Amino acid sequence: MGAYVGSLIYAFSRQRDLFRPTVQKEHEGSRLTMRQAMILLAIGTILTTIQAEILVGAMQPALGEFGFTEMFVGVIVVAIIGNAAEHYSAITAARRDHMTLAVEISVGSSAQIALFVSPAVILYSYAIGRPMSLLFNAFEIAAIALSVLATHMVVLDGESNWVEGLQLMSVYVILGLAFYFVP
């Protein structure tokens, strides 16, 4: 959790501007005040939490009917729907040619889950008396390693194209199929 906070401080204190392309484009849309942005963020967080609870409850009947395992639902379905706002932001940034921002959103989301959310959930599980752990089986570790390796290979050169995006999507589909068929 400390590493995540440190990465946020580093990302926001560097002198480079991740949110603008090399050629400054004309301002699009209106700007929010800090207070408006925080209120909007709080409302979005509350709505996402409610939506996630509804989704998890609605998935119970689908588990048996479609043969979904809890692992598949947690790793694929909930992850896609729960992060829809981040996916939309990354796609919007990419369409505006803000590729650095699009990649930062995607990679930052993963780092946020790994370095902050997972440890927070583990600590919370102990606080409520239902201890969890971060023990992964070999398949899960291989999936994480493959994801990190594929992402590293794509962002290593600092450039992107549609083929690299297609390759990342293919890795995700392959992992999704693997999590569907592997118990």
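Read along the sequence, the chain follows the pattern α-α-α-α-α-α-α, and its secondary structure amounts to seven helices and zero strands. Helices (H or I, at least four residues) and strands (E, at least two) are DSSP runs, numbered from the N terminus. The model is predicted: local features need pLDDT of at least 70, side-chain atom pairs count only at pLDDT 80 or more, and totals for chains, interfaces and linings use all residues. Residues are numbered from 1 along each chain as its sequence is written, and side-chain values use heavy atoms, with hydrogens and water left out.

**Overall dimensions and burial**

- The C-alpha trace of the chain spans about 50 × 40 × 30 Å along its principal axes.
- The chain has an accessible surface of about 13,600 Å², of which 69% belongs to carbon and sulfur atoms; accessible areas come from the Shrake-Rupley method with a 1.4 Å probe, and for residues only the protein chains shown count as cover.
- Of the 183 residues in the chain, 16% are buried, where buried means under 20% relative accessible area, exposed over 50%, and partly exposed in between (1.4 Å probe, protein chains only).
- Among contacts (heavy atoms within 4.5 Å) between residues at least 6 apart in sequence, 60% join residues at least 24 apart.

**Nonpolar core**

- The largest nonpolar core has 13 residues, and those with the most contacts inside it are M59, F72, V73 and V77.
- At least two residues of this core come from each of α2 (34–66), α3 (70–82), α6 (138–155) and α7 (162–181).
- A nonpolar core is here a set of buried Ala, Val, Leu, Ile, Met, Phe, Trp, Tyr and Cys residues joined through side-chain atoms within 4.5 Å.
- V73 is in contact with M59, L63, F68 and V78, leaving aside its neighbours within four places in sequence.
- In soluble globular proteins, nonpolar side chains tend to be buried together.

**Aromatic cluster**

- Ring pairs link F66, F68, F72, Y180 and F181 into a cluster.
- Rings of Phe, Tyr and Trp (its six-membered ring) pair if their centres lie within 6.5 Å; planes under 30 degrees apart count as stacked, over 60 as edge-to-face and the rest as tilted.
- By this rule the count comes to six aromatic pairs.
- The rings of Y180 and F181 have centres 4.9 Å apart and planes at 90 degrees, so this pair is edge-to-face.
- Y180 is partly exposed at a relative accessible area of 27%, whereas F181 is exposed at 62%.

- M1, I113, F116, V117, V121, L123 and M132 form a nonpolar patch on the surface, with about 550 Å² of accessible area together.
- Patches are made of residues with over 30% relative accessible area and no salt bridge; like charges are joined within 9 Å, and nonpolar side chains (Val, Leu, Ile, Met, Phe, Trp, Tyr) within 5 Å. A salt bridge is a side-chain nitrogen of Lys or Arg within 4 Å of a carboxyl oxygen of Asp or Glu.
- M1 lies in the segment before α1 (2–13) and is partly exposed, with a relative accessible area of 36%.
- M132 lies in the loop between α5 and α6 and is partly exposed, with a relative accessible area of 42%.
- Neighbours within four places in sequence aside, M132 is in contact with V121, I122, S125 and Y126.
- S125 lies in helix α5 (residues 99–127) and counts as buried at 3% relative accessibility.
- Not counting residues up to four places away in sequence, S125 touches R130, P131 and M132.
- The C-alpha atoms of M132 and S170, 38 residues apart along the chain, are separated by 31 Å.

- E164 lies in helix α7 and counts as buried, at 13% relative accessibility.
- Leaving aside neighbours within four places in sequence, E164 is in contact with V154, D157 and E159.
- Q167 also lies in helix α7 and is partly exposed, with a relative accessible area of 45%.
- The C-alpha atoms of Q167 and L47 are separated by 32 Å, the two residues being 120 apart along the chain.
- D97, in the loop between α4 (84–95) and α5, has a positive phi of about 65 degrees although it is not a glycine.
- D97 is partly exposed, with a relative accessible area of 46%.
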